[in-house]
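Please read this report with the sequence and the model side by side. It begins with one residue and then moves on to other parts of the chain.

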Amino acid sequence: MTVALFPGSFDPITNGHVETAKRAAEIFDRVFVVAMTNTSKHYLFSARQRADFARDALKDIPNIEVLERPDQLTVKLAHELKAKVIVRGVRNSADFRSEREIAGINKRLAPDINTVLLFSSPENSFVASSMIKELARFDEDVDQFLPQMAAQALREKLRYEK
C-alpha cells in the first residue's frame, strides 16, 4: 500500500487544493491531507479550522484522512505516517521552481521519500488562498474558488475583522 502526504497551509483550502487531493487519492492507496504551518505566512484560521474545512471538502473520499500538525517538519511527519510520497500541487512556473527547491531539501533530509508534483487544471491555475482572501476583504464573491464551508467561514471572519 502506497501512502502519500499532501501537506499545506490551506488557509483556507481552495478548489485547487481539493483538485490536487482528489487526484492524489486516485493515484495512491491512502492520502493524508495535513494542515501544517509555513513560518513565513500569517494565518486567518487556526490549524484545527483549516483541517476542518479540508475534512468537510474531502469527506466523500474514503482513502483521504485529514490531520492538523502545525508544529512538525514535513519529512518527519511523512516518516511518522509511513508515507513514501509527498504530494504537492503546482499551478504555474513560479510554483514549480519553489516546489523543486523544497523537494530538493526534503530529499536531502529524507532520501527515502519522493515528491510528486501534480499540475492543476487551467481553471485552478490562478487560484491562490492569498488572492482569494484579498477578494473577500473587498466583499467580492469567493464561492467559485472555495469549497462551501471555507467560503462561508472566510466571509464571516473578514466581516468581523473590518
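Asp139 counts as exposed, because its relative accessibility is 61% (buried means under 20% relative accessible area, exposed over 50%, and partly exposed in between, with a 1.4 Å probe and protein chains only). Asp139 is placed in the loop between α5 and α6, where helices (H or I, at least four residues) and strands (E, at least two) are DSSP runs numbered from the N terminus. Although Asp139 is not a glycine, its phi is positive, at about 60°. Most residues other than glycine have a negative phi, and most peptide bonds are trans.

This is a predicted model, in which local features need pLDDT of at least 70 and side-chain atom pairs count only at pLDDT 80 or more, while totals for chains, interfaces and linings use all residues. Residues are numbered from 1 along each chain as its sequence is written, and side-chain values use heavy atoms, with hydrogens and water left out.

## The loop between β1 and α1

Phe10 also has a positive phi, of about 50°, although it is not a glycine. Phe10 belongs to the loop between β1 and α1, and it is buried, with a relative accessible area of 2%.

The loop between β1 (3-8) and α1 (15-27) also holds Pro12, and the peptide bond that joins Asp11 and Pro12 is cis, with omega at about -5°.

## Aromatic rings

How many aromatic pairs does the structure hold? There are three of them, where rings of Phe, Tyr and Trp (its six-membered ring) pair if their centres lie within 6.5 Å, and planes under 30 degrees apart count as stacked, over 60 as edge-to-face and the rest as tilted. One of them joins Phe45 and Phe53 edge-to-face, at 5.0 Å centre to centre and with 90° between the planes, and both Phe45 and Phe53 are buried.

Phe126 and Phe145 form an edge-to-face pair too, because their ring centres are 6.2 Å apart and their planes lie at 85°. Phe126 is in the loop between β5 (114-119) and α5 (129-137) and Phe145 in the loop between α5 and α6 (148-161), so this pair ties together parts that are 19 residues apart in sequence. Phe126 is partly exposed at 43% relative accessibility, whereas Phe145 is buried at 13%.

## Helix α2

Helix α2 (residues 47-58) has twelve residues and reaches 16 Å from its first C-alpha to its last, close to the 16 Å expected at 1.5 Å a residue (the expected span is 1.5 Å times one less than the number of residues). Its buried residues are Ala47, Arg50, Ala51, Phe53, Ala54 and Leu58. They cover an arc of only 155° around the axis, so they sit on the same side of α2; the arc is that of the directions from the helix axis to the C-beta atoms.

Arg50 lies over the face of Tyr43, at 4.1 Å from the ring centre (a charge sits over a ring if NZ of Lys or CZ of Arg is within 6 Å of the ring centre and within 35 degrees of the ring normal).

## Strand β4 and its neighbours

Strand β4 (residues 85-90) is mostly covered, with five of its six residues buried. Two bridges join β1 to β4, and these strands run parallel; two strands pair if DSSP finds at least two bridges between them. Leu5 stands opposite Ile86 in β4.

Six bridges join β4 to β5, which also run parallel, and the bridge partner of Gly89 in β5 is Leu118. From β4 the chain crosses through helix α4 (residues 93-109) to β5 in a right-handed β-α-β crossover, where right-handed means that, with the strands pointing away from the viewer, the path from the first strand over the helix to the second runs clockwise.
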